[in-house]
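Open the model in your viewer and keep the selection panel at hand.

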Amino acid sequence: MEENSINNLVALVKAGDEQAFGLLYDEYADRLYRYICFKITDRQEAENLLQEVFVKAWQGCRKLEQENLNFTSWIYTIAHNTVNDYFRKVYRRPQTVPLEPNLDIVAKDDTSEDTQKSFTELSIEKALAKLPDKYKQVLELRFLQELSVEETAKILQKNSISVRVLQHRAVKQLQKIFTTL
Amino acid sequence: MNQEELIRQFKSYSRRQMPPLSLSVKEKVKQQVLNNLSREQYPEADIQRSPSWTFVFTRIAVMAVCLLILLTGSTYASFDSLPGDTLYPLKRTVEDTQVKLTQNPVAKTKLQVKFAEKRFQELESLEAKSPKKIAAPVITKKVEVKIDTPKIDSLTASPTETEKLETEDNPKENFAKREISRAIYNLENTRTKLEKDGHTEEANNLNATIKEFTRRVDKHRERKIVPKEKEIPSLEIKSSNRQKETKHEENSKRHRQ
């Protein structure tokens, strides 16, 4: 959807149009869900957080100033903050899940799944595990979500130059880790 | 591996790891979001925010009980208060309310007499408490000395004098006296009303009571003391005896002659 169309929808949402908000949901739901799932493995939690993001977006739309608005970066910022709030909550109150009696507990060094993946994928996976979070974030926003430098800068609350530098360092670090594996 | 290839591998890996949002899940979440929106639009429909009426009534009842206890305590404490005390106005208000609420004219009269009597008791309590300064009496005695008697240093004195017991002006006592006047005034009004309504006997009884109260008021205003005439026994007796003797001598002389 084009920027103008999105801005028009936002104007309607500000007036209280739920149908317009539904269209915005259809536009952004997939992307935001993938963004959340990149950080949170639990699918149920990811769905809950997706719902929370859009409810917050509805509440925030009323007070939104449309002048110089980038709705994409704005809604990604909400998702970014919502995920951070979730991690903070989990850190403070760790949740335990009761064990089912017939649950198969997979051993740490179970190689059955690993054989299905290619060597490259495994290497990427291990390299990402070693990459710092701030680099992972910028790679995710820039390459997976395909956001612009300016949009990424707004979400991460940095300036464009910092984002470019961060991205450059992230790729370099990933390459370095990858080659050492 | 160069950077471009690495980024490409990274993208393909990540997309494979992150499951897409299925249509069913997408619709389910959309419905949940829209339901939340409806609730957001009508916040007053949120039952949790509406006041619990039980809680409100309980609060009102507790406040009413506390107020009642406070009033009762204050009223009880005001019973022994005197003019000038903090709770005295409350005492007077309670008494006035009692009188106003009494419909029966005879019962009303009895109440007013009872409260007027209380005003006198209050004044007496105040007078008993306050220190009285007695002005030094100014006495000048005058004794007329007779010619035959040897000269004596004369002292002048008046046979009757008014010795006034003066008290300093006490605002509380003055206030109490004004309250008494007010009580008597009310009784006079009540007497007139009793006469108009045909309660002659009660009106006459009340009249006697008013007179008694007025007399007591006068008694409080001024006290008169008449001192006794002092005797000067030695001098006067001597002079009179002498006079008698002189006369007796004269008479006896005449007889002899």
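**Stop 1: chain B**

Select chain B: it holds eight helices and two strands. Helices here are DSSP runs of H or I with at least four residues, strands are E runs of at least two, and both are numbered from the N terminus. This is a predicted model, where local features need pLDDT of at least 70, side-chain atom pairs count only at pLDDT 80 or more, and totals for chains, interfaces and linings use all residues. Residues are numbered from 1 along each chain as written, and chains are lettered from A in the order in which they are written.

Trace chain B from its N terminus: the order is α-α-α-α-α-β-β-α-α-α. Of its 257 residues, 9% count as buried (20 or more other C-beta atoms within 10 Å of the residue's own, C-beta atoms being placed from the backbone).

**Stop 2: where the chains touch**

Now show both chains. The contact takes 28 residues from chain A and 23 from chain B (C-beta atoms, placed from the backbone, within 7 Å). On chain B, α1 (3–17) and α2 (23–41) each supply at least two residues of that side. α2(B) gives the most, with 10 residues.

**Stop 3: helix α2 of chain A**

Select residues 18–39 of chain A. This is α2, with 22 residues. From first C-alpha to last it reaches 29 Å, close to the 32 Å expected at 1.5 Å a residue (1.5 Å times one less than the number of residues). Centre on A:Tyr28: a kink of about 45° sits there (the angle between axes fitted to the seven residues ending at a residue and the seven starting there). A:Tyr28 is also buried, and other buried residues of α2(A) include A:Phe21, A:Leu24 and A:Leu32.

How values were computed. A residue is buried if 20 or more other C-beta atoms lie within 10 Å of its own, exposed if 12 or fewer, and partly exposed in between; C-beta atoms are placed from the backbone. Two residues are in contact if their C-beta atoms, placed from the backbone, lie within 7 Å.
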